[in-house]
Amino acid sequence: MTSQTFSLALPAWAEREHNLLPECLPSLEERMAAVIRFSRLNIEHKTGGPFAAGVFEKDSGRRVIIGVNRVMDSNCSSAHAEVMALSLAQKILGQWDLGSAGLPAYQLVVNWRPCVMCYGAALWSGIRSLAVAGSGPELEQITGFDEGPIHPDWKSELEKRGIEVIDNILTEDAIQVFRQFRDEGQIVYNARQGSLPDEKDSHCRL
Ligand SMILES: [Zn+2]
């Protein structure tokens with residue numbers, strides 16, 4: 001029988017690191033510093049790309065979860081840090097909509113502007129706030145990742161939907177991890193790395 005379920009998990013080191021963090025991270029800089037630390041640990045442990053994202057209660061800074069990129073270990077191209085963090089937060093909180101009535105406002109903190117897929121995931125998640133370390137071309141220029149065709153007015157499109165956007169938090173610290181990733185020569189797992197398949201190989205065999 002073919003597999004009909006799949007699951008994604010954070011690496012083992014993430015549980016230890018979560019246990020070292022305080023329950024609340026009141027300032028945005030503290031939240032971003034924790035997220036950037038997870039992004040660095042992810043490449044140092046070779047458990048994924050240089051990306052991390054955390055879900056926090058916006059006002060108190062109470063930590064829900066910090067996720068990291070798990071694409072290659074999971075054989076799942078959508079296992080980006082934001083998808084990991086949002087999905088785990090929804091599971092922990094028992095809510096598919098983090099913006100449900102009666103919940104505190106939730107904030108997603110990411111070590112760079114989301115890719116085109118995670119932009120959509122953020123929009124669908126119910127978060128009320130997105131904080132990023134930066135949003136310029138540095139990430140793609142330094143690492144070679146293709147973040148996709150983001151909407152030119154991506155910030156105002158989020159704000160139109162009640163999601164505030166905060167940019168440029170600990171930008172240099174985030175960039176330092178991207179440089180470390182590049183200097184270590186780790187795999188840039190963009191899609192379509194092979195050549196196009198031959199026409200004769202693309203049919204089901206009878
Ligand atoms: Zn992404």
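Is C118 buried or exposed, and what is its relative accessible area? C118 is buried, with a relative accessible area of 0%; here buried denotes a relative accessible area under 20%, exposed one over 50%, and partly exposed the range in between, computed with a 1.4 Å probe on protein chains only. The structure is a predicted model, in which local features need pLDDT of at least 70 and side-chain atom pairs count only at pLDDT 80 or more, whereas totals for chains, interfaces and linings use all residues. Residues are numbered from 1 along each chain as its sequence is written, and side-chain values rest on heavy atoms, with hydrogens and water left out.

C118 belongs to a metal site. The zinc ion is coordinated by the SG atoms of C115 and C118 and by ND1 of H80, at 2.1 to 2.3 Å. Donors are defined as N, O and S atoms within 2.8 Å of the metal (3.2 Å for Na, K and Ca), and since water is not among the atoms, sites may look incomplete. The donor residues follow the sequence spacing H-x34-C-x2-C. C115, like C118, is buried, with a relative accessible area of 8% for C115.

Aromatic pairing was examined next. Seven aromatic pairs are present in the structure. Rings of Phe, Tyr and Trp (its six-membered ring) are paired if their centres lie within 6.5 Å; planes under 30 degrees apart count as stacked, over 60 as edge-to-face and the rest as tilted. In the pair of W13 and F38, the ring centres are 5.5 Å apart and the planes stand at 55°, so the pair is tilted. This pair links distant parts of the chain, 25 residues apart, with W13 in helix α1 (residues 12-20) and F38 in helix α2 (residues 28-44). Helices (H or I, at least four residues) and strands (E, at least two) are DSSP runs, numbered from the N terminus. Both W13 and F38 are buried, the relative accessibility of W13 being 4%. Beyond the residues up to four places away in sequence, W13 touches F38, L41, N42, H45, T47 and V68, where contact means heavy atoms within 4.5 Å. The C-alpha atoms of W13 and N42 are 8.9 Å apart in space, although 29 residues separate W13 and N42 in sequence.

A further pair is formed by Y119 and W154. Their ring centres are 6.3 Å apart and their planes lie at 85°, so the pair is edge-to-face. Here too distant parts of the chain are linked: Y119 is in helix α5 (residues 116-125) and W154 in helix α7 (residues 154-160), 35 residues apart. Y119 is buried at a relative accessible area of 10%, and W154 is buried at 8%. With neighbours within four places in sequence set aside, W154 is in contact with R113, Y119, L130, S135 and V165. By contrast, W154 and L196, 42 residues apart in sequence, have C-alpha atoms 32 Å apart. Elsewhere, ring pairs join F51, W112, F145, F178, F181 and Y189 into a cluster.

The axes of α2 and helix α8 (residues 171-183) come within 9 Å and cross at roughly 5°. Axes are lines fitted to C-alpha atoms, for helices over the stretch in contact, with angles from 0 to 180 degrees between N-to-C directions. The two helices α2 and α8 are therefore roughly parallel to each other, given that angles under 35 degrees count as roughly parallel, over 145 as roughly antiparallel, 65 to 115 as roughly perpendicular and the rest as oblique. From α2 the contact involves I36, S39, R40, I43 and E44, and from α8 it involves D173, A174, V177, Q180 and F181. By class, this contact of α2 with α8 has five nonpolar, two polar and three charged residues; Ala, Val, Leu, Ile, Met, Phe, Trp, Tyr, Cys and Pro count as nonpolar, Asp, Glu, Lys and Arg as charged, and the others, Gly among them, as polar.

Apart from residues up to four places away in sequence, E23 touches G61, R62 and R63. E23 and V64 are 41 residues apart in sequence, with a C-alpha to C-alpha distance of 8.7 Å.

Backbone angles complete the description. Most residues other than glycine have a negative phi. N168, which is not a glycine, has a positive phi of about 65°. N168 is found in the loop between β5 (164-166) and α8 and is exposed, with a relative accessible area of 53%. R192 likewise has a positive phi, near 65°. R192 is placed in the segment after α8 and counts as exposed at 71% relative accessibility.
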